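Student: Hey, I've just opened a new structure and could use a hand finding my way around. Can we go through it together?

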Amino acid sequence: MLDLALANLLSPIVLSFALGLFAALVRSDLTVPEAAAKALSIYLLFAIGFKGGVSVSDHGIDGLLALSLLTGVILSALLPLIAFALIRVMSGLSTLDAAAVAGHYGSISIVTFVAATSVLQGAGITSEGFMVAVAAAMEAPAILSALWLVSRGEKSGRMDADLWREILFNGSIVLLLGSFAIGWITGDEGLDKISAFIVAPFQGVLCLFLLDMGLIAGRGLRSGAGLSAGLFGFGVLMPVIGSMIGLGAGVLIGLSTGGVLLLMVLSASASYIAVPAAMRVALPEANPSIYLTLSLGVTFPFNLTLGIPLYLWAAQLVTGG
Amino acid sequence: MDTHKAKRVEIIIEAVMASRLTNALEKAGVRGYSMLPVLGGTGRSGTWSRAGQVGRGEGMVQVVCLIRPERLDGLLDAAFSVVEKHIGVVSITDCEVLRAERF
């Protein structure tokens, strides 16, 4: 376990994240331009989706794919209910703010997912290629759960047709599922043609992206320095609880060790792209600095540094992989 | 050269609300507007920067429109229905334009 944690902490991706975090905390002028950050994220989403599709074309599809998708949707819908109860107990946030935070913890962080696939690759552990599709399926249900939690009180969220369209067809989901489909259709032959672009440079691009994530997380921590101990504790405890639920679900449906780890990471991570945008439209009165600081400044660094090795250790222990 | 009195309305609003705002303005009869990126800033809701952002949840944009003074109330009613509960600033200044028929 300690070896795993140390190897993860000293990997180029985690050290790049730490560099960004340090630069932001000492108020360095180091920045990644918005357009460059978006280009890096497009590359990562395309590469991870494409490789997942190729893996499915190699191994074919079976009932496990449908079962995993269904499990992902159920987890995404249920995790906010647990997060809501926990954050109310630990911090006493209002119903509105607690529901907005809870929505983030049912949805997923695709960068944490990408970092976990990178750790699996380094450890020589394979996983089901379709987990990329599970990641996409887990983006939206949590938003509905958060709005349901709010509607039980005096207020209600604003949910219109435009917001539905924006959630279901947001750029990350379209790109992830689109590249997954391209990889599935073209298979190994397609991968051979573009592997020099999407395989070899992948780790380097991920390092640069995590440098940017470190900068964003550091800025969030600086501005959210007043986060209460209860909220901070929630940001660390909730991913561990989520991962344990993901572990149980993954083992129950028969995923491989790598697949179980990825489901744990998806259940443990909190969204910082799709859900914040949806919450700003649907619940504008909720305080964005709370959910963004928790998601980006606490849970994301925890998962990246300590969470992933801890989850991998637990997944290997339970599955015997 | 002849100039004509007009109102310049500047609305800084969250990027996620931009299309909803411009749709409301168009429905209220606004014939034209410009949308500008906002690099960063600070205010009641905290400090933020456009640098490095990959999502739309935190970004802000500025919508600028020039209109005839008699159409100002309709525009403000439409804008307020969208921006009421959101982070942002609405400001109005007097200005002059060269070609009044365009506004």
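This is a predicted model: local features need pLDDT of at least 70, side-chain atom pairs count only at pLDDT 80 or more; totals for chains, interfaces and linings use all residues.

Student: Okay, how many residues of chain A are in contact with chain B?

Tutor: On the chain A side there are 26 residues, and they are in contact with 17 residues of chain B.

Student: And what area do chain A and chain B bury between them?

Tutor: About 1900 Å², with 55% of that on carbon and sulfur atoms.

Student: How many salt bridges are there between chain A and chain B?

Tutor: The count is two. One salt bridge joins the side chains of Arg280(A) and Glu14(B), at 2.4 Å from N to O.

Student: Which elements of chain A give two or more residues to the side that touches chain B?

Tutor: Those are helix 3 (34-59), helix 9 (161-168), helix 11 (202-223), helix 14 (274-282) and helix 15 (288-319) of chain A. Sorted by residue kind, that side of chain A has 14 nonpolar, ten charged and two polar residues.

Student: Let's switch to chain B. What is its secondary structure?

Tutor: Chain B has six strands and two helices. Starting at the N terminus, the order is β-α-β-β-β-β-α-β.

Student: What does the C-alpha trace of chain B span along its principal axes?

Tutor: About 45 × 30 × 20 Å.

Student: And how much of chain B counts as buried?

Tutor: Chain B has 103 residues, and 40% of them count as buried. The accessible surface of chain B is about 5900 Å², and carbon and sulfur atoms hold 52% of it.

Student: What share of the contacts in chain B with a separation of 6 or more comes from residues 24 or more positions apart?

Tutor: That share is 81%.

Student: New topic: where is Gly60(A)?

Tutor: Gly60(A) sits in the loop between helix 3 and helix 4 (63-91) of chain A.

Student: Why does Gly60(A) count as partly exposed?

Tutor: Because its relative accessibility is 37%, and partly exposed covers the range between under 20% (buried) and over 50% (exposed).

Student: How far apart are Gly60(A) and Phe130(A) in sequence and in space?

Tutor: They are 70 residues apart in sequence, and their C-alpha atoms are 10.0 Å apart in space.

Notes: Residues are numbered from 1 along each chain as its sequence is written. Chains are lettered from A and ligands numbered from 1 in the order in which they are written. Side-chain values use heavy atoms; hydrogens and water are left out. Contact means heavy atoms within 4.5 Å. Buried area is the accessible area (1.4 Å probe) that two parts lose on being put together, summed over both. A salt bridge is a side-chain nitrogen of Lys or Arg within 4 Å of a carboxyl oxygen of Asp or Glu. Helices (H or I, at least four residues) and strands (E, at least two) are DSSP runs, numbered from the N terminus. Ala, Val, Leu, Ile, Met, Phe, Trp, Tyr, Cys and Pro count as nonpolar, Asp, Glu, Lys and Arg as charged, and the others, Gly among them, as polar. Buried means under 20% relative accessible area, exposed over 50%, partly exposed in between (1.4 Å probe, protein chains only). Accessible areas come from the Shrake-Rupley method with a 1.4 Å probe; for residues, only the protein chains shown count as cover.
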